[in-house]
Amino acid sequence: MISKPVLKAREVLDYCGIEDPATISLPDLIIYHNGVVNEIPLNNCDGRMVMKNGKSIVSLNSNIEFPQKKRFVLAHELGHILLHSNKEATFSDDYSTLEAYKHGSQEKEANDFATELLMPEVLFKNACFKQKFSPDLIRLLADKFNTSITSTIYRFIDFGNHPICIFFSKDGKVEYHRKSAQAYYKIPDRNKLNVPTDSVANEYYSQNRIYKKEDSAQQIYKSTWFELGDYEADRPMFEFCVITPRYNTVLSVIWEK
Ligand SMILES: [Zn+2]
């Protein structure tokens with residue numbers, strides 16, 4: 001069954017005649033749906049919205065570093081406008097609501113809407129066809145769809161062609177993980193525990209190390225993040241870290257070549 005947010009996004013793409021989602025002007029789409037966008041410095045959140053009587057005012061944090069991230073925030077707010085406008089509402093969005101791990105809430109619905117609008121399932125699956133995961137592939141896809149690296153990684157978990165697993169941490173502690181349906185790794189319970197000492201994420205937290213683009217696929221071992229079976233030999237895996245210093249968060253992507 002196709003969920004309501006996904007259907008809504010497809011409806012918008014359809015009635016606006018959008019063939020290439022990379023060219024969507026989000027501020028225009030919001031104006032079209034009775035909203036206005038103000039770009040101003042915000043503290044501790046990326047986007048905020050007030051809705052009343054079918055009209056909305058969206059505030060976008062002007063301190064966000066990347067235009068692609070701004071597009072995602074606006075697409076998320078447009079999701080609230082189109083899906084949750086039946087009452088007066090105020091939304092305040094930061095990393096905890098804009099990351100795709102929220103379940104069963106209006107935040108998850110707004111993210112599902114934004115993701116389908118910016119990276120439609122069919123186009124994304126075609127772009128990933130027979131492609132192995134690598135940081136370069138994510139950069140290519142992000143370029144193609146004009147999306148943030150983070151939102152592209154989340155899309156890849158669901159529709160990529162290569163199993164990956166992600167661990168999201170803040171201030172050195174793991175907050176949650178997600179994996180592709182085909183990633184059969186045993187994940188120990190790390191919730192609220194420190195990132196592994198031999199992980200690339202820990203190099204950032206303990207030494208402030210951020211690898212350059214060309215070195216962003218760092219070799220680790222399977223045992224760094226996963227539990228090994230009783231007789232299983234350890235083997236090399238890779239970790240790619242997406243670091244957001246503003247929130248002191250790391251998104252670690254783990255995969256096998
Ligand atoms: Zn939200």
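Reply: First, a word on touching: contact here means heavy atoms within 4.5 Å. Bear in mind too that this is a predicted model.

Let's start with Thr249, which sits in strand β9. Is Thr249 buried or exposed? Thr249 is buried, with a relative accessible area of 4%. Leaving aside residues up to four places away in sequence, Thr249 touches Tyr95, Phe168, Ser169, Lys170, Tyr205, Val242, Ile243 and Thr244.

Now for the strand around it. β9 covers residues 249-255 and pairs with β8, residues 236-244, in the antiparallel sense, over seven bridges. Along that pairing, Cys241 is found opposite Ser252 of β9. In general, strands of a sheet are held in pairs by backbone hydrogen bonds, either parallel or antiparallel.

Stepping back, which order do the five strands of this open sheet follow? The order is β6-β5-β9-β8-β7, and the pairing is antiparallel. The edges are taken by β6 (173-179) and β7 (218-221); each has a single partner strand, so one side of each has no neighbour in the sheet. On average, neighbouring strands here are turned by 30° against each other, ignoring direction.

One loop of this sheet deserves a stop. Asp171 lies in the loop between β5 (165-170) and β6, and its phi is near 50°, a positive value in a residue that isn't glycine. Most residues other than glycine have a negative phi. Asp171 is partly exposed, with a relative accessible area of 47%. Asn53 also has a positive phi, of about 50°, without being a glycine. You'll find Asn53 in the loop between β2 (47-52) and β3 (55-61), and Asn53 is exposed, at a relative accessible area of 72%.

Back to β9 and β8, this time from the helix side. What do the buried residues of α7 pack against? They pack against α3, α5, α6 (121-128), α8, β8 and β9. The buried residues in question are Pro135, Leu137, Ile138, Arg139, Leu141, Ala142 and Phe145. Just past the end of α7, Asn146 has a positive phi of about 60°.

The contact of α7 with α8 can be spelled out. Two packed helices are described by the angle between their axes and the distance between the axes. For α7 (residues 135-145) and α8 (residues 149-159), the axes come within 9 Å and cross at roughly 105°. That makes α7 roughly perpendicular to α8. On the α7 side the contact involves Leu137, Ile138, Arg139, Leu141 and Ala142, which meet Ile149, Thr152, Ile153 and Phe156 of α8. By type, the residues of this contact divide into seven nonpolar, one polar and one charged.

How values were computed. Residues are numbered from 1 along each chain as its sequence is written. This is a predicted model: local features need pLDDT of at least 70, side-chain atom pairs count only at pLDDT 80 or more; totals for chains, interfaces and linings use all residues. Side-chain values use heavy atoms; hydrogens and water are left out. Two strands pair if DSSP finds at least two bridges between them. Helices (H or I, at least four residues) and strands (E, at least two) are DSSP runs, numbered from the N terminus. Axes are lines fitted to C-alpha atoms, for helices over the stretch in contact, and angles run from 0 to 180 degrees between N-to-C directions. Angles under 35 degrees count as roughly parallel, over 145 as roughly antiparallel, 65 to 115 as roughly perpendicular and the rest as oblique. Ala, Val, Leu, Ile, Met, Phe, Trp, Tyr, Cys and Pro count as nonpolar, Asp, Glu, Lys and Arg as charged, and the others, Gly among them, as polar. Buried means under 20% relative accessible area, exposed over 50%, partly exposed in between (1.4 Å probe, protein chains only).
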